[in-house]
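Welcome! Please look at the sequence and the model first.

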Amino acid sequence: MLGMELWGAALYGDPCGDCQFDWRIDMVHAVVLVAASPAEVDRRSRDAVGDERLSAEAWSVAEYVSHMADNLRNWAERVQGARLAGVTDIAGYDPDELARARRYDSVPLAAARWALGISAPAWVDVMRAALAEGVVVRHATRGEQQAADIVRNNAHDVWHHLWDIDRVLGQSAAGVSRPG
């Protein structure tokens, strides 16, 4: 695995050292976690303006939500390419570069929420089918990834950024059960 990018539990720890995501999460719960993300974002950020951030260098609430929407859409598109066209070689992307190119800093929170509300259900449909079909892709820097790997990675991204949003808004994660 020389030259391969660390990802998942190998990179973040199990559970994740920051957000406590449990990488043993089953597929049903991982998909449900992502499916619930638009409602969770709405609930957690209902009183937010969207430009709240932990520091000048950190993403704002709206930027985190924009990233969540783009990441889910991006992965759904890649997996759908494998499912529908047999294109299993996929490239990586730099989320910070995408944030700059898409100008996340100018996306209103309401628009970011809307985007997540479209991306999450599309992702759920694609990933349920990919899990049932046993889709496998070859990521340029992570190597072979089965549908279950992608589902866990994306569920972690959602869970981690919900945790980030809570931190930005000074909310406790109390009452929120750990995934798994």
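A polar contact is a pair of N or O atoms within 3.5 Å; within protein, one must be able to donate a hydrogen and the other to accept it, and residues adjacent in sequence count only if both atoms are side-chain atoms. You can find a side-chain oxygen of D94 within 2.8 Å of the backbone nitrogen of D96, at the start of helix α5 (residues 95-102). Keep in mind that this is a predicted model, in which local features need pLDDT of at least 70, side-chain atom pairs count only at pLDDT 80 or more, and totals for chains, interfaces and linings use all residues. Residues are numbered from 1 along each chain as its sequence is written, and side-chain values use heavy atoms, with hydrogens and water left out.

**Helices and what follows α5**
- Helices (H or I, at least four residues) and strands (E, at least two) are DSSP runs, numbered from the N terminus.
- After α5 comes R103, with a positive phi near 55°.

**The sheet**
- Strands of a sheet pair through backbone hydrogen bonds, either parallel or antiparallel.
- Here, 3 strands make an open sheet with mixed pairing, in the order β1-β2-β3; two strands pair if DSSP finds at least two bridges between them.
- The edge strands, β1 (89-90) and β3 (143-146), each pair on one side only.
- β1 pairs with strand β2 (residues 136-139) in the parallel sense, over 2 bridges.
- D89 has R138 of β2 as its bridge partner.

**Helices on the sheet**
- Helix α4 (residues 61-85) packs on the sheet and touches β1, β2 and β3; contact means heavy atoms within 4.5 Å.
- The direction of α4 makes about 120° with that of β2; axes are lines fitted to C-alpha atoms, for helices over the stretch in contact, and angles run from 0 to 180 degrees between N-to-C directions.
- α7 lies across β2 and β3, at about 85° to β3.

**Helix α7 and its helix neighbours**
- The axes of helix α2 (residues 27-35) and helix α7 (residues 147-168) come within 9 Å and cross at roughly 40°.
- α2 and α7 are therefore oblique to each other (under 35 degrees counts as roughly parallel, over 145 as roughly antiparallel, 65 to 115 as roughly perpendicular and the rest as oblique).
- Residues in this contact include M27 and L33 of α2, and A148 and W159 of α7.
- Helix α3 (residues 37-44) has an axis that comes within 10 Å of that of α7, crossing at roughly 5°, so α3 and α7 are roughly parallel to each other.
- S37, E40, V41 and R44 of α3 meet V158, L162, W163, I165 and D166 of α7.
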